[in-house]
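Hi there,

Here is the structure I promised to pass on to you.

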Amino acid sequence: MPAEQINFLFTNSQQVHIDQGSVETPSILPIQKVGNLRSQINTEVIPIEQKSLKTPDLVNLKVVNIKSDLSDQNLDVSTQVNPVKNTSIQHCMNTPNQLYNDLSVVIPIVGLTLVIIGWRVIYKNAKKIATRAETKSLVDDIVKIFNELESLTVHFWLSGRQNRRDADEFILLISAKIQTLTSRIKFLKKRNIDTSCINLAALHEYMTLNCEDVDRRTNEQNREQLQLFLEESNRNVNDLYSEYQKRYSPSFTRFKFNKKYKE
Amino acid sequence: MIVIDVANDFSRTPFGRYRTDGENSAERFRVDILEPKIEKNNIHEDFRIDFSKVALGVGSSFLEEVFGGLVRDGYSKKDLLKHITVVDKTEFYDQQVKHFIEVACQQNK
């Protein structure tokens, strides 16, 4: 039977479809030419296993004794397979190993890319959650200062003469709190929360206007001024929380599967 | 631009509305410091009243007496709003002063 030229891509093993008969070492000749290269390469193609074929089957061949500088290249390799009697070689085909070899390069790259994308998504999400928590902490700090201002103001305007602190002390304490409040508001503004809802001018006026005359004013006048302050303070706090909600809307689950939760 | 540094030119601890409230009152600042400077330089010049070096802050009564008092002393609201700027650490005194000038003007009518 005549030898048949087989062309296959140079990899570590190839399969040759043999119709029938057997493929043995003597029937396979060393590689006679390699792709575009003209010089002969010191290689040998041998079957991985000896097989006697009664039905069409695949025989694995492998290339051995490869020159080191070519071992990692894809080369078109030709060889000859001399079948023994009653053997015909149908065709040569690219083996699954070839596909596997291609995929073995592509899959890690795709996998690595997916990992990088995944990590980036996780990082951005974590950063968003941390920013939201920090902003909420600032808002809570501001509300705490508002509460302290309320406490000072209520005590000043409603106390009797004996329990009331001096007006200059009151102004000193209020001014200190307002300076702290101003700096917190500036930080909050940098976090894209609209702080124009906080009216420090009005708050300052209601807290301290005519505080030097508190003992000369009637209780009714003092209560009225305090009421204006408390109203303004509550409005400022509510508006601040609204602005925070606008910036960071709460998220709820769309579907409630838990019946108890529904009830 | 004529700058009046309240801390250096008047007091680091201004307090009170009238002279009876203390020696660093709003009435003394307006009558003895601010109005003479306005008269000397003409109200059509720009004035900057700087509270930023004052210790902590001043009460609303002080601001109302200084700037509302200017309206009550006959200065025009238009000139005051146009030529007077107030500067401080908290950045809301200017807004408060403009409000006091408006209110004093309405009360004067």
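In this predicted model, 21 residues of chain A are in contact (heavy atoms within 4.5 Å) with 20 residues of chain B. The two chains bury about 1700 Å² between them, 60% of it on carbon and sulfur atoms; buried area here is the accessible area (1.4 Å probe) that two parts lose on being put together, summed over both. On the side of chain A, Gln179(A), His204(A) and Glu212(A) lose the most area to chain B, together 30% of what that side buries.

Across this interface the rule finds 2 salt bridges, that is, a side-chain nitrogen of Lys or Arg within 4 Å of a carboxyl oxygen of Asp or Glu. Arg216(A) forms one with Asp21(B), with the closest N and O atoms 4.0 Å apart. Helix 2 (167-190) and helix 3 of chain A each give two or more residues to the side that touches chain B, and helix 2 of chain A provides the largest share, 10 residues. Helices are DSSP runs (H or I, at least four residues), numbered from the N terminus.

On conventions: residues are numbered from 1 along each chain as its sequence is written, and chains are lettered from A in the order in which they are written. Local features need pLDDT of at least 70, side-chain atom pairs count only at pLDDT 80 or more, totals for chains, interfaces and linings use all residues, and side-chain values use heavy atoms, with hydrogens and water left out.

Best wishes
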